Amino acid sequence: MSSRVLVLGLGVAGRAALEALARREIDALAVDDAPGDEARACAVRLGVELVEAPRPGSWADLVGQVDEVVVAPGVPDRHPVFAAARDSSEPRMRRFQRTPSHEIFMGWRFAESRSRSSSTSGRRRRGLPRPRL
């Protein structure tokens, strides 16, 4: 069974999610309220449909076109995608809600094995400077 995934927010995390979906040959719909050149280039390179700045009333239709929604960490909690998913006739979408663990889930679900450690000790092992807080 094939599925389609809506990826909202094409910053670094959203583009990484799109690339991971493409590698897994999963159809994606990219959506961004204000995409930059990098977001557009990523969509073109991956052959993914990009919806730019959708009208507020179009979210129900967009959510209705997909089986899953992946929301990038920078998307605010008040974004209309959450209401559209909650109001969807699809039972899986109605259960969709943003939780504090959502951002961690997205990061781990599409994480690659290239660099599993982002801890300070991992930075020292690779000879990278400690981040300043």
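Q: What kind of model is it, and how are the residues numbered?
A: It is a predicted model, in which local features need pLDDT of at least 70, side-chain atom pairs count only at pLDDT 80 or more, and totals for chains, interfaces and linings use all residues. Residues are numbered from 1 along each chain as its sequence is written, and side-chain values use heavy atoms, with hydrogens and water left out.

Q: How many helices and strands does the protein have?
A: Seven helices and four strands. Helices (H or I, at least four residues) and strands (E, at least two) are DSSP runs, numbered from the N terminus.

Q: In what pattern do they follow along the sequence?
A: The pattern reads β-α-β-α-β-α-β-α-α-α-α.

Q: What do the strands form?
A: An open sheet of four strands, in the order E3-E2-E1-E4, with parallel pairing. Two strands count as paired if DSSP finds at least two bridges between them.

Q: Which strands are at the edges?
A: Strand E3 (49-52) and strand E4 (68-71), each of which pairs on one side only. On average, neighbouring strands of the sheet are turned by 20° against each other, direction ignored.

Q: What holds paired strands together in general?
A: Strands of a sheet pair through backbone hydrogen bonds, either parallel or antiparallel.

Q: How many bridges does E1 make to E4, and how many to E2?
A: Strand E1 (residues 4-8) is joined to E4 by four bridges, and to E2 by five. In E4, valine 69 is the bridge partner of leucine 6. In E2, alanine 28 is the bridge partner of valine 5.

Q: Is E1 buried or exposed?
A: Five of the five residues of E1 are buried, so the strand is largely enclosed by the rest of the structure. Buried means under 20% relative accessible area, exposed over 50%, and partly exposed in between (1.4 Å probe, protein chains only).

Q: Which way do its side chains point?
A: Arg4, Leu6 and Leu8 point one way from E1, and Val5 and Val7 the other way.

Q: What about the whole protein, how much is buried?
A: Buried residues make up 36% of the 133 residues.

Q: Changing topic. Where does helix H1 lie?
A: Helix H1 (residues 12-23) lies across E1 and strand E2 (27-32), running at about 165° to E1. Axes here are lines fitted to C-alpha atoms, for helices over the stretch in contact, and angles run from 0 to 180 degrees between N-to-C directions.

Q: And how do H1 and H2 sit against each other?
A: The axes of H1 and helix H2 (residues 37-46) come within 11 Å and cross at roughly 5°. That makes H1 roughly parallel to H2. The cut-offs are under 35 degrees for roughly parallel, over 145 for roughly antiparallel, 65 to 115 for roughly perpendicular, and oblique for the rest.

Q: Which residues meet there?
A: Arg15, Leu18, Glu19 and Ala22 in H1 meet Glu38, Ala39, Cys42, Arg45 and Leu46 in H2. These residues divide into five nonpolar, no polar and four charged. Contact means heavy atoms within 4.5 Å. Ala, Val, Leu, Ile, Met, Phe, Trp, Tyr, Cys and Pro count as nonpolar, Asp, Glu, Lys and Arg as charged, and the others, Gly among them, as polar.

Q: How many salt bridges does the structure hold?
A: Seven. A salt bridge is a side-chain nitrogen of Lys or Arg within 4 Å of a carboxyl oxygen of Asp or Glu.

Q: Which residue does arginine 15 meet in a salt bridge?
A: Glutamate 38, at 3.1 Å, N to O. Arginine 15 lies in helix H1 and glutamate 38 in helix H2, so the pair ties together parts that are 23 residues apart in sequence. Arginine 15 counts as buried at 17% relative accessibility, while glutamate 38 counts as exposed at 57%.

Q: What does glutamate 19 pair with?
A: Arginine 45, with the closest N and O atoms 2.8 Å apart. This pair links helix H1 and helix H2 across 26 residues. Glutamate 19 is partly exposed, at 27%, and arginine 45 is exposed, at 55%.
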